[in-house]
Protein chains: 4
Amino acid sequence: MAVTYRPSHADATYDAKYGLRNYQGGGRSSARETIGRVAAGAIAKKILRQVTGAEVIGYVKRIQDIEGTVDPASVTLDQVESNIVRCPDAEAAVRMIDRVEAIRDQGDSIGGVVECVARGVPKGLGMPVFDKLEADLAKGVMSLPASKGFELGSGFAGTLLTGSQHNDEFYTDESGEIRTRTNRSGGTQGGIANGEPIIIRVAFKPTATIRKAQNTVTQTGAETVLAAKGRHDPCVLPRAVPMVEAMVALVLCDHLLRHHGQCELF
Amino acid sequence: MAVTYRPSHADATYDAKYGLRNYQGGGRSSARETIGRVAAGAIAKKILRQVTGAEVIGYVKRIQDIEGTVDPASVTLDQVESNIVRCPDAEAAVRMIDRVEAIRDQGDSIGGVVECVARGVPKGLGMPVFDKLEADLAKGVMSLPASKGFELGSGFAGTLLTGSQHNDEFYTDESGEIRTRTNRSGGTQGGIANGEPIIIRVAFKPTATIRKAQNTVTQTGAETVLAAKGRHDPCVLPRAVPMVEAMVALVLCDHLLRHHGQCELF
Amino acid sequence: MAVTYRPSHADATYDAKYGLRNYQGGGRSSARETIGRVAAGAIAKKILRQVTGAEVIGYVKRIQDIEGTVDPASVTLDQVESNIVRCPDAEAAVRMIDRVEAIRDQGDSIGGVVECVARGVPKGLGMPVFDKLEADLAKGVMSLPASKGFELGSGFAGTLLTGSQHNDEFYTDESGEIRTRTNRSGGTQGGIANGEPIIIRVAFKPTATIRKAQNTVTQTGAETVLAAKGRHDPCVLPRAVPMVEAMVALVLCDHLLRHHGQCELF
Amino acid sequence: MAVTYRPSHADATYDAKYGLRNYQGGGRSSARETIGRVAAGAIAKKILRQVTGAEVIGYVKRIQDIEGTVDPASVTLDQVESNIVRCPDAEAAVRMIDRVEAIRDQGDSIGGVVECVARGVPKGLGMPVFDKLEADLAKGVMSLPASKGFELGSGFAGTLLTGSQHNDEFYTDESGEIRTRTNRSGGTQGGIANGEPIIIRVAFKPTATIRKAQNTVTQTGAETVLAAKGRHDPCVLPRAVPMVEAMVALVLCDHLLRHHGQCELF
């Protein structure tokens, strides 16, 4: 790897931009970089909880084609942490673990989807045009290594419905709060939180570095074959959960400060 | 609509945040807001073309379940503009138009997916951590009205593959350039452009405002039924194409300036 | 002026940077540009007054060597607006007006100093390192056309004193508030407001465009002589007062929002 | 100092804003904070020198009322570093050192003025409205501890001249370059560098912490007397020189990158 580019790894583009790279561990392209985000996210979660009561919970929703059944409205941290793939659906978790082990034994890797819910986020957080809440959430999680897609609420599947099927009807609950009966919007409308749970999903591709042999080139362009050695995650999904949580918490906390400064001054 | 909230429309959240709203046309929540982006995007496209030769082309990839077959590597602006739904697959376009007309007659609405390709983007544009190219693209398009999802390259579908299936093998082309044989990465690796076409997709939900009657509440929380009157788009997809193109061009142009300032100074 | 550079005017540097300029009125180099700042400043002043009771008052402190005697602790807007040079010292104002008229008749120009006080600014506004309150105030007013210097509190004159002469002793006032007996600090310490009046001064150079003949060059570098025609202010000081007030109000209002968001959330 | 506020020191305002402070060494209010700026400034200077040939040299211009005679056009780093007060005028430096020692023996402190010149800065660096070069320079140095004033070129003294005396006449030099015969502008016009040396001055107040007894209050507002113990600089001026140089170099380097990205793309 000192002279060879790993297919679909950032060391080639980093080298193209800066003329250097750290092939040992990936340098700034390594997911180790997110440690600072996760640390800051822990503080952000604490502020959100103390000031608003909001909580942010992420979990593995799907690994390759194995999808867990999870209710974002009620999922708990204990359920997430009850197994090593961080999937709250215990039965799916077993199958996910089996799959990851089988893939690891093949010297290959797999990806999947992390889902994250933020419950109790106050109505009004966000901005109507430039820094829409969903736009900042998208930027936050799409800055995580290996992320390839972002969805809010109904996401891509929602595009198959008609408006009359998709729209979230309003009603007034027993405490007089205006709420929506469904939550296909995923907790925001037009960039601003509507008080319902914020639900996002992030697609993570299979890890680029694998032990299987692949065709590639060296830094000077000579064609070669690479089979990575050493310890490489066959599936980043369980480790991606705290990263996604951290980015969601940081974005929400930033918007809490901005909303408080801008709208609750008077 | 003067006193009633439209389901899944931003006028309720705007009202919750600011204590006022413009129900006539939607005010700042209207997609009319994007006119400035489209105008600026036209200049960004011109800069990209003149300085780098890059071109940005968006098109309707799917309306509800009708998907066009389009090759991002070769699609042309003329093909996009050859029909009113802006789908370069002429046969699919006919079916899309029929569907939109049928939905309009029902007083309902539908959504879909816009795909956008940027060809000729120089290697190196982007940033390795804070302002990753895909993160800024995601923020750009997720700030467009009605957007619910973002994908780069293989996106969510790519999570079903293994690493050995998904990785883009490198090779050296006849001109000595290091390239990839496939483009599941969608043109970036680790936040930085790799010189291959940048390919993104954006999910747009069905338009919120429909003529069909829906249960909702008034500003004071009283339950009521709303059936919108006036002219409302049954499908925003064709109009979303120039918006997506504009945001992609603006993000790429910003990164071109930053890359030139940072990396081509010496 | 269509082909000739005015000495000490920005049209030469604007041309050097952008390859074009607007010699008629100065284009973006004209002080007309500040109209948006003054309009926004009016809103900022209103927010400051409503939320904190603070008020921002600027006035002409000196024109050339004629200095007014003004007490920043008690000066009123009526006093400022009682004469056309906006100097609250009526006697000095008469001499200033005479001086400006004499200079105008000579086809020449003069400069001076605007002082601005913000009274009632809450303790705590500001930041300890990156966006110090005095740093943002300095940037704000040094972005005004023709400004050449900025002082806070004792400013340059304070450098002639010893620490024991210069330090502002603390005491506790009758209402239990910790205050300072003197205000050489000018209302901030270490980037953060201390609750005393914020007092700044801005040096404005004599207007560049004058009717007197001056040696200069054309755009192509040919030496020539220029004597400006048309209406040109012989002294910008009275017109600079609202600009300085606006920038001070905008900076304080920004910091009010930031402080409220950051420190008054809990 | 654990319970008592030092007059004119930032520990009181820091406490007012955040509810805590580090009285030992001053915490974030200490000038030690600038170590990161000086380190970054060293890199900025290197970039400026390599890319543009520009050099940034700061020096002590005045301590209390003792002013050195220094020619910014020719001053060298060796001259600055030839004595411990960093004043290139050797005769004045001797008197400054005597003064500082006498003041130190009295348990008091003094301030003064640092001047800084940037020679060889390319024409065009800067911005016409929002981030004027002189505005960013002012913000940069006014964010340094103990700074109370900023001047560019003729500064406050220039306000005593008429326009015909103050304006810098243009001429074409032997190499065909448009230059100015004088440099009262201090190297910028309207926010943009004109190619002449950029000359700024920064006022630093006498150090707040002194051994002489001063009236003050405790954190709870009780009146007391404080006489600081331990090592405290009687004059920060020599140590402020590298800080000013660093901020000037950082601001110029930022503008070099921006100018290159924005104006030299085509």
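Q: Which residue stands opposite Phe150(C) in E4(D)?
A: Phe150(C) faces Phe150(D) in E4(D). This is a predicted model, in which local features need pLDDT of at least 70, side-chain atom pairs count only at pLDDT 80 or more, and totals for chains, interfaces and linings use all residues. Residues are numbered from 1 along each chain as its sequence is written, while chains are lettered from A and ligands numbered from 1 in the order in which they are written.

Q: How many bridges join E4(C) to E4(D)?
A: Three bridges join E4(C) to E4(D), and the strands run antiparallel. Two strands pair if DSSP finds at least two bridges between them, so E4(C) and E4(D) count as paired. Strands are DSSP runs of E with at least two residues, helices are runs of H or I with at least four, and both are numbered from the N terminus.

Q: What is the order of the strands in the open sheet?
A: The sheet has 10 strands with antiparallel pairing, in the order E2(C)-E1(C)-E3(C)-E9(C)-E4(C)-E4(D)-E9(D)-E3(D)-E1(D)-E2(D).

Q: Which are the edge strands?
A: Strand E2 (66-67) of chain C and strand E2 (66-67) of chain D are the edge strands, and each pairs on one side only.

Q: Which strands does helix H5 of chain C touch?
A: Helix H5 (residues 133-142) of chain C packs on the sheet and touches E4 and E9 of chain C together with E4 of chain D. Two residues are in contact if their C-beta atoms, placed from the backbone, lie within 7 Å.

Q: Which element gives the largest share of the side of chain C that touches chain D?
A: The contact takes 80 residues from chain C and 81 residues from chain D. H5(C) gives the largest share of the chain C side, six residues.

Q: Why are H2(D) and H7(D) called oblique?
A: Helix H2 (residues 35-52) and helix H7 (residues 237-263) of chain D pack at about 50°, with their axes 8 Å apart. Angles under 35 degrees count as roughly parallel, over 145 as roughly antiparallel, 65 to 115 as roughly perpendicular and the rest as oblique. H2(D) and H7(D) are therefore oblique to each other.

Q: How is the contact of H2(D) with H7(D) divided by class?
A: Residues of H2(D) including Ala44(D) and Leu48(D) meet residues of H7(D) including Ala246(D) and Leu250(D). By class, the contact has 15 nonpolar, two polar and three charged residues.

Q: Why are chains B and D said to be related as by a two-fold rotation axis?
A: A rotation of 180° with 0.0 Å of shift along its axis superposes chain B on chain D, with RMSD 0.0 Å. The two copies are thus related as by a two-fold rotation axis. Copies are superposed by least squares on the C-alpha atoms of residues with pLDDT of at least 70 in both. Of the residues of chain B, Gly261(B) comes closest to the axis, at 2.0 Å (C-alpha).

Technical notes
Axes fitted to C-alpha atoms, helices over the stretch in contact; angles between N-to-C directions. Nonpolar A, V, L, I, M, F, W, Y, C, P; charged D, E, K, R; others polar.
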